[in-house]
Amino acid sequence: MLSYFVKMKGITQSPPAVGLSEVAWSWVGAFLGIAAVAYINDFVLAGTGLIIVVGSFGSSAVLIYGAVKSPLAQPRNLIGGHLISALIGVASYQMLATHLWLAAAIGVATSIALMHMTKTLHPPAGATALIAIIGDKKIHDLGYMYVIMPIGAGVLVMLLIALLVNNIPKTRRYPEYWF
Amino acid sequence: MAQKKQPGQEIGFPIELDLSDQDVYQAMKSLPGYLDITPNDFKEIYRLAHCRALDRITHSVKAKDIMTTRVVSVNRDTSLADVADKMARHGISGVPVVEPDGQVAGVISEKDFIAAMNMPGVKTCMGVISEWLKRRTCLIDQMLSRTAGDIMTSPAIVVPGETSLAELVQILADKAINRVPVVDADGCLVGLVSRADVMRFSFLRRVC
């Protein structure tokens, strides 16, 4: 019983802070990545009723521009995680629309389970599933289109920017692996 | 090696590296980019990988790689005087006893000689000297007429050439012996691995 509480003390120190150049490149990558999807969303897709940016892209940006070595940030996880979770999110909403709280819980939990099983764990994708369920009418009206646009297309744009920007500095490379 | 039988220590030598949290922290710091592991994660991974590496190396080296092939051996009917002379001349503390067809019949070590002197409680060379000084008697009369076959330890513990270094260490330690004859598929002597041969192969240096 005591050992249970002792675990709450923690056992190690926090990892070191990164250098200034890492901070700068994270900023540049995130700026360009989010700028790309947001610009397309506001100007290219204006009036079409389509969107290409959702909230979970902000957290994907943290990983793919800020923690480029992390397994969680690799293309397999970025693409796979978002697509799987988007699909689960839409399915949960459509099956349980009358019990949103339950749809939300099942959608996020199932997404995590499937991402684990497919080795595509990507934390922001949990938000992708949740947005499909608790999002506004515009999102709900997309139906399964949500998986392709905004999620699929948006993720590809962000990935492209990550490939272009993260390989500029000598001290960075992306990805560590594709599949 | 008081704490034997912990995970990863079954091969019986210390494997813990004295890697401090600070070492890991500084190493992580010297790498550009954010690593999403804690220093402790790294230590855990390193410890397990290190165990595996030791295990792999100690299993990839075989008895046939480190054995002495020019083995000094005697026959069953070699007189003890000749056996002792041979051991003394070659500076060794034990020899295998082989049959005419090359099979290993047994092993003779200093311990067997001491045991053959039939002195209760005497187990070491110094014990023999002490006894001899105290009694001022000759202890060797009864040995003169005997041969290797009379006093050898038999059957001998032998190993095939494919035995791994890890297993050799285990056998030498568990059986408390100093050498083990290496035999081929027919049980014929092809070499000998002594503790010195095992020591000489300083596998730990290769890891670090």
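Let's start with A:Glu176, which is partly exposed at 32% relative accessibility. On this scale, buried means under 20% relative accessible area, exposed means over 50%, and partly exposed is in between, with a 1.4 Å probe and protein chains only.

Before going on, the ground rules. This is a predicted model, where local features need pLDDT of at least 70 and side-chain atom pairs need pLDDT 80 or more, while totals for chains, interfaces and linings use all residues. Residues are numbered from 1 along each chain as its sequence is written, chains are lettered from A and ligands numbered from 1 in the order written, and side-chain values use heavy atoms, without hydrogens and water.

Back to A:Glu176. Its side chain forms a salt bridge with that of A:Arg173, at 3.2 Å from N to O. The term stands for a side-chain nitrogen of Lys or Arg within 4 Å of a carboxyl oxygen of Asp or Glu. A:Arg173 is exposed, with a relative accessible area of 51%.

Now a cis bond. The peptide bond from A:Tyr174 to A:Pro175 is cis, with omega near 0°. A:Pro175 sits in the segment after helix H8 (145-166) of chain A. Helices are DSSP runs of H or I with at least four residues, strands are runs of E with at least two, and both are numbered from the N terminus.

Next, chain A as a whole. What is its pattern along the sequence? It reads α-α-α-α-α-α-α-α. That is eight helices and zero strands. Of the 179 residues in chain A, 42% are buried. Take contacts, meaning heavy atoms within 4.5 Å. Among those in chain A between residues at least 6 apart in sequence, 71% join residues at least 24 apart. The accessible surface of chain A is about 9400 Å², and 74% of that belongs to carbon and sulfur atoms. Those areas use the Shrake-Rupley method with a 1.4 Å probe, and for residues only the protein chains shown count as cover.

Zoom in on A:His82, in helix H4 (residues 75-96) of chain A. Is A:His82 buried or exposed? A:His82 is buried, at 0% relative accessible area. Its side chain makes a polar contact of 2.6 Å with that of A:Ser60. A polar contact is a pair of N or O atoms within 3.5 Å; within protein, one must be able to donate a hydrogen and the other to accept it, and residues adjacent in sequence count only if both atoms are side-chain atoms. Leaving out residues up to four places away in sequence, A:His82 also touches others, including A:Phe57, A:His122, A:Thr128 and A:Val155.

A:Lys119 is not a glycine, yet its phi is positive, near 55°. A:Lys119 lies in the loop between helix H5 (100-117) and helix H6 (124-134) of chain A, and is exposed at 60% relative accessibility. For background, most residues other than glycine have a negative phi, and most peptide bonds are trans.

On to the interface. Chain B gives 15 residues and chain A gives 16. Together they bury about 1300 Å², 60% of it on carbon and sulfur atoms. Buried area is the accessible area (1.4 Å probe) that two parts lose on being put together, summed over both. Salt bridges between chain B and chain A number zero. Three residue pairs are in polar contact across the interface, with both residues at pLDDT 80 or more. On the side of chain B that touches chain A, helix H1 (21-30) and helix H2 (39-60) of chain B each supply at least two residues.

Finally, chain B on its own. B:Arg47 and B:Glu44 form a salt bridge at 3.8 Å, N to O. Both lie in helix H2 of chain B, three residues apart, about one turn of the helix. Another salt bridge joins B:Glu99 and B:Arg76, with the closest N and O atoms 3.0 Å apart. B:Glu99 is in the loop between strand E2 (94-98) and strand E3 (104-109) of chain B, and B:Arg76 is in the loop between E1 and helix H4 (80-90) of chain B, so this pair ties together parts 23 residues apart in sequence. Over all chains, the structure holds eight salt bridges.

Chain B has a cis bond too, between B:Ser154 and B:Pro155, with omega about 0°. And just after H9(B), B:Ala176 takes a positive phi of about 50°.
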